[in-house]
Amino acid sequence: MPAPGGPAGGGGRGGRFKGRPAVLTALAVAVLLTVGGGVYLTVGGGRGEPSRAEPSSSPSIDKGDGKGPGVGPDTYDPNAGIKPGEAKVWLRDNEIEVAGSGTSQYGPWRVGDVVVKAIATEFTAYGAADGQDKWKIPLPTRLCAVPPTPTADGKLVVGLKESGSDSSHCTHLQLIDLATGKAGWKIAVPAENAYDSSTEFEIAISGDTVALARSAVMSGFSVTDGRKLFGTSKTDGCTPSGFAGGSRLIGIRNCFDPKDATARGQSMVEELDPATGASKWAYKYDKGWTVGRVLSVDPLVVAAHHEDRKTWNITAFAADGKVRSQSAPGFGVSGRCNGFGNAGRFQECYASVADADTLYIGAGKPATTLDTEDTNQVVAVDLNTGKERWRTAEQPKNRTMWPLAIEEGRVLVYVSPGSGAAGSVVSLAPADGASQPVLQSPAVSAGAASVFFSHSVRTTWAGGRLFLLNGWVYGPEPKKKSRAILSFGK
């Protein structure tokens, strides 16, 4: 049943952005074309037209949607008209030259008093409270692997290509210390076998281990010094596909029938010892099921989908790998949260969080494609039974709800702009979903927040602040801005 009251009137979490323009839905493409080909979802606030009483050469008003002039007396201010109690916003545009088709952004990572993002050629840190430049780290070659989360002390190990070419192979690992803004050790990744060559890695960090999968093999290295910890060239018919990291190291494999090369494979989930790569336990899905996302590492909750049956499921695992529950949800989620049409990057869902017994996930009405764009409510799923505990009332059109974190016993949720309202953060009671307001951004900031296209935006909630990162940006232009990162909070 809907939670009493639902989210307050004004008012997710988690890789590579797979929803590039070439694979956007027809509706999204139509929206993009309407606003000139940028990755924009304009919900209110386009280019302002001159008043009838003014000459036609009057400057247009910059409403934050990336199409205004960005200079002069009408420069966009996301805090214009801010009211008492509203959270102040800061906004930064991409200022790095990139190819005309744009490039992915990674992060954001909050470390101390800075928030960090990365594009293919550079890491950039901003002051978390005000968005001011803090430091930059240019990269010698392009990124080809970025783990979703760093170590507890802010160390990130990324994959680098052997040259500046997009088609070059992923050959090196590089340590980036997000706390100090300095690059550390760099090593060449030794080949596990004669076929070990790839243009990208699937990568995750757990404890002091960075694990990477590619070309049906995997390796593990020490985050501290780059020393190799483990590797594999024998897969026993189950080839490594990727990892999920954090407090545990979770591996995903594809298993094939050695007697029938044409048969469908099976997906396997296992927990690995980060120090040795040894499997602690493993679980195989039935044939036809594909692991799409790891929605939570501890407790372990995994989403898988069956393309032929047009269905998906949620499996909750106990600490020893036994299945606590497995259910076919009666709601839909974004493809970023069940993996449909979005292969790899197994922790790419930014709309789910879990406590010991409940998963909270951004949801909407089921769709025939298994990819629902309107995740306009939050559903709570009992991990012991797989049944829904409650769901919030639906938000108005164009407003999405993404669970961010669980703090002080309540679920924090980002509610995106839409229907004339700006973005906000609300908290939900775990027992019934009853909501309370936490943060409200100024009305004028809706224009800027609305260009963070929901199929690519990445979020972080830390220290009482929300950070929204555009997953795809374009190079700077004189009269067109590519919004890169936006934040509001305490």
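Buried means under 20% relative accessible area, exposed over 50%, and partly exposed in between, using a 1.4 Å probe and protein chains only. The legends below visit a predicted model, in which local features need pLDDT of at least 70, side-chain atom pairs count only at pLDDT 80 or more, and totals for chains, interfaces and linings use all residues. Residues are numbered from 1 along each chain as its sequence is written, and side-chain values use heavy atoms, with hydrogens and water left out.

**View A. The disulfide of Cys-337 and Cys-349.** Here the sulfur atoms of Cys-337 and Cys-349 are 2.0 Å apart and form a disulfide (a pair of cysteine sulfur atoms within 2.5 Å). The torsion about the S-S bond of this pair is about 75°, so the disulfide is right-handed. Distant parts of the chain are linked, 12 residues apart: Cys-337 sits in helix 2 (residues 335-338), while Cys-349 sits in the loop between helix 2 and strand 23 (352-354). Helices (H or I, at least four residues) and strands (E, at least two) are DSSP runs, numbered from the N terminus. Cys-349 counts as buried because its relative accessibility is 3%, and Cys-337 counts as buried at 2%.

**View B. The disulfide of Cys-238 and Cys-255.** A disulfide joins Cys-238 to Cys-255, with an S to S distance of 2.2 Å. With a torsion of about 110° about its S-S bond, this disulfide is right-handed. The pair links distant parts of the chain, 17 residues apart, with Cys-238 in strand 15 (residues 238-244) and Cys-255 in strand 16 (residues 249-255). Cys-238 is buried at 8% relative accessibility, and Cys-255 is buried with a relative accessible area of 4%.

**View C. The disulfide of Cys-144 and Cys-170.** Cys-144 is joined to Cys-170 by a disulfide, S to S 1.8 Å. The link is right-handed, with 65° about the S-S bond. Cys-144 lies in strand 7 and Cys-170 in strand 9, so the pair ties together parts that are 26 residues apart in sequence. Both cysteines, Cys-144 and Cys-170, are buried. As a reminder for all such views, a disulfide is a covalent bond between the sulfur atoms of two cysteines. The structure holds 3 disulfides, and with bonded cysteines counted along the chain they follow the pattern 1-2, 3-4, 5-6.

View D. Four strands make an open sheet in the order 7-8-9-10, with antiparallel pairing (two strands pair if DSSP finds at least two bridges between them). Strand 7 (143-145) and strand 10 (182-188) are the edge strands, each pairing on one side only. On average, neighbouring strands of this sheet are turned by 40° against each other, direction ignored; the axes are lines fitted to C-alpha atoms, for helices over the stretch in contact, and angles run from 0 to 180 degrees between N-to-C directions. Strand 9 (residues 170-177) and strand 10 run antiparallel and are joined by 5 bridges. Look for Gln-174, whose bridge partner in strand 10 is Lys-186.

**View E. The surroundings of Ser-279.** Ser-279 lies in strand 18 (residues 279-284) and is partly exposed, with a relative accessible area of 43%. Leaving aside residues up to four places away in sequence, Ser-279 touches Glu-270, Glu-271 and Leu-272 (contact means heavy atoms within 4.5 Å). Its side chain makes a polar contact with the side chain of Glu-270 at 2.9 Å. A polar contact is a pair of N or O atoms within 3.5 Å; within protein, one must be able to donate a hydrogen and the other to accept it, and residues adjacent in sequence count only if both atoms are side-chain atoms. The side chain of Ser-279 also reaches the backbone oxygen of Trp-281 at 3.3 Å.
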